[in-house]
Amino acid sequence: MTETRAVLDEMIDFAKIELTSGNADRKRAMVRRMAEQWPSEPALSLVYAVTSATGAIEDESKKDPAISQGYRLSALISADVHAVQSMGQNPSFAGDLLHFWRRVDPLFLRMQ
């Protein structure tokens with residue numbers, strides 16, 4: 001359980017850093033990079049990490065533009081997780097999202 005928590009903490013920290021970087025390219029590539037860095041993690045961990053990072057940003061500053069982008073990305077990842085699981089890959093992992101993006105919906109692969 002501690003190892004899982006440590007990975008989630010890393011993912012949350014990564015998402016928070018990328019969302020607040022001020023660099024549009026880094027923000028756009030964040031979800032793809034997370035899936036590449038942690039392919040064996042549950043796909044919903046990406047959703048949790050981005051949502052948690054966004055919530056932390058929101059707690060610090062109610063006006064940061066990263067807030068709306070973070071929640072939007074969380075929703076888009078959630079939709080993709082649902083699609084992957086609907087196609088029978090349940091549970092799904094971050095690596096499954098990479099495969100889905102290559103074959104079906106390349107949005108996160110184009111965001112570079």
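Keep in mind that the model is predicted.

Let's start with the helices. Look at H4, residues 66-86, and H5, residues 94-103. Their axes come within 10 Å. They cross at roughly 90 degrees. Angles of 65 to 115 degrees count as roughly perpendicular, so H4 is roughly perpendicular to H5.

Which residues meet there? From H4, we have Ile-77, Asp-80, Val-81, Ala-83 and Val-84. From H5, we have Asp-96, Leu-97, Phe-100 and Trp-101. Seven residues of this contact are nonpolar, two are charged, and none is polar.

Now the aromatic rings. How many aromatic pairs does a search of the whole structure find? Two. A pair of aromatic rings is described by the distance of the centres and the angle of the planes.

Take Phe-14 and Trp-38. Their ring centres are 5.8 Å apart, and their planes stand at 80 degrees. Over 60 degrees counts as edge-to-face, so this pair is edge-to-face. The pair links distant parts of the chain, 24 residues apart. Phe-14 sits in helix H1, residues 2-19. Trp-38 sits in the loop between helix H2 (24-37) and helix H3 (43-60). Are these two buried or exposed? Both Phe-14 and Trp-38 are buried.

Next, Trp-101 and Phe-108. Here the centres are 4.8 Å apart, with 45 degrees between the planes. This aromatic pair is tilted. Trp-101 is buried, and Phe-108 is buried too.

Key: Residues numbered from 1 in each chain as written. Predicted model: local features only at pLDDT ≥ 70, side-chain atom pairs only at ≥ 80, totals over all residues. Heavy atoms only, no water. Axes fitted to C-alpha atoms, helices over the stretch in contact; angles between N-to-C directions. Helix = DSSP H or I, 4+ residues; strand = E, 2+ residues; numbered from the N terminus. Parallel < 35°, antiparallel > 145°, perpendicular 65-115°, else oblique. Contact = heavy atoms within 4.5 Å. Nonpolar A, V, L, I, M, F, W, Y, C, P; charged D, E, K, R; others polar. Phe/Tyr/Trp six-rings, centres within 6.5 Å; stacked < 30°, edge-to-face > 60°. Buried < 20%, exposed > 50% of the residue type's maximum accessible area, 1.4 Å probe, protein only.
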